[in-house]
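Okay, thanks for coming, everyone.

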Amino acid sequence: MRRQLERTLWATVFLAVLLAPVLLAPLLHGPRTRNGSSLTSELLSELSVGIGLLATSMLVCAVALPSRLRTLTRTLGIDGVLGIHRFVGLAVILLVGLHIVLVVAAHPANMALFDVLHAPNRARTALGATVALGALVALTVLRRRLRHRYEVWRWVHVALAGTALVLSGLHIWLLHHLVRDAAMLALLAVLAVGVLGVLAYRWLWLPVLGARREYVVREIRPETSTVSTLVLEPRRHGARRGYRTLEFAPGQFAWLRLNPSVRAQEHPFTIASSAHLGLWTEFTIRHSGDFTRELRLLRPGSSVWVDGPHGAFTLDLRRTTGLVMIAGGVGITPMMSMLRTLAHRRDRRPHRLLVIARTVEDLLFRPEIRQLQQRLDLTVVELLRQPPPSWSGASGTVDEDLLTALLPGKFRRNQLDYYLCGPPALVTDVLTVLDGMDIPQPRIHTEQFDLV
Ligand SMILES: Cc1cc2nc3c(=O)[nH]c(=O)nc-3n(C[C@H](O)[C@H](O)[C@H](O)COP(=O)(O)OP(=O)(O)OC[C@H]3O[C@@H](n4cnc5c(N)ncnc54)[C@H](O)[C@@H]3O)c2cc1C
């Protein structure tokens, strides 16, 4: 109920931000002919203004979306937030292209505005914003091919988005005719204050708040040669203030950093422990790159700063008759949190877990999963992509035959909720299989361990 309300509220806010300036524009400047201009060129001009305003409000939404507003990530999930962010970002660049075409189509003499040396500042700011947006989209599309470090890409992305936003604002300001209207000026001011507020929350308030969310490493427990579990407990800030435990729903994640500074690297990791573990919070991490290797070198007593919980990949937001959890590699972490929590809650519903790993060594938490089977009604299937000759379990890829054997009949399987987590390629492949089996879309929940 609360989630539905939050969804409705966010949808209303986004629609209002997107549409208000566009709807206000024709009311203030209804089509009219000016000296020597034809009605067609005036209409094209008005259309270009409307499209430009829509592009600006979409840019505001694209900037606001990934600002870690917890109620937003809880409502849409991180995959949902980033999916909409990418879609809106692409729409902005298309609308900007259309805006430029319409500006020239309305008055072909406007071609002169492309001459950066002689063009007025209103055109220079527009060109600057367009170049920043183009570079932003190109760098995102080509990120994997260019093989830039994620952090470098992220800071360039943030800088280009900021540049595009500021230059778009200046472009509107220098156009004069929009800000001359009191109503439009007020609306644009509300948009500007709104986006500045969200950015201040993300880049000023969260780091300040984050500095108070200090945790201490209690233990680092090796799971395999490349994976270990980081056990954290809140740092006590004086006897009076006591502990600040992390309350989360099983399956949610948090951003970890090793330094409270806003410039410090921050990486997302799913909370693997039960939501009822009390003071301790556990993260199980594959040490695959520089940051995750640094985490492995932490010593008990070291500090870690936690921003969370975030995300909607949790069983606590839905009613269901049972869960089907499909996990690839370290994507088992949210499933462990859910299973451990369900065991704490003495859950009686039937659940199914399909674990996909490369080799036997990569199958995480095997002994604990067997113990959980004693406490829960849990069916487990392990699938290896590179099985040894002695392996008698499932191997290869996830297909319809494998899932049909794991799931109940068609009617009951459509009442279950499906949780998919792991590398993007695996999530996409399993989604295709589930789609082929006509599993209802709203019953499928995904989390990809990759943000770009
Ligand atoms: C919602 C979510 C939950 C996750 N949960 C877990 C988990 O429980 N256990 C686990 O081992 N891994 C988890 N990951 C993946 C983990 O965040 C990355 O493996 C980690 O950030 C890699 O950092 P690195 O510097 O060690 O490796 P790198 O080699 O630098 O990065 C490898 C890849 O990880 C991604 N990445 C790197 N830095 C970041 C960042 N700051 N933010 C987002 N993505 C980044 C990029 O796609 C990059 O190409 C999760 C990812 C997401 C999005």
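So, the C-alpha centres of domain 2 and domain 3 sit 25 Å apart. This is a predicted model, so a local feature needs pLDDT of at least 70 and side-chain atom pairs count only at pLDDT 80 or more, while totals for chains, interfaces and linings use all residues. Numbering runs from 1 along each chain as its sequence is written.

The chain is split into domain 1 (2-209), domain 2 (213-310) and domain 3 (317-448), with bounds from an automatic or database domain assignment. Between domains 2 and 3, 14 residues of domain 2 are in contact with twelve of domain 3, contact being C-beta atoms, placed from the backbone, within 7 Å. On the domain 2 side that touches domain 3, we get five nonpolar, seven polar and two charged residues. Nonpolar here is Ala, Val, Leu, Ile, Met, Phe, Trp, Tyr, Cys and Pro; charged is Asp, Glu, Lys and Arg; the others, Gly among them, are polar.

Now, which domains supply at least three residues each to the shell around the ligand? Domain 2 and domain 3 both do. The ligand has 24 residues around it, and H267, T270, G289, F291 and T292 are the closest; the cut-off is a C-beta atom, placed from the backbone, within 6 Å. By class, that shell has twelve nonpolar, seven polar and five charged residues. Strand 4 (267-270), strand 5 (281-286) and helix 9 (290-296) each give at least two. Those are DSSP runs numbered from the N terminus: helices are H or I, at least four residues, and strands E, at least two.

Definitions and conventions: Two residues are in contact if their C-beta atoms, placed from the backbone, lie within 7 Å.
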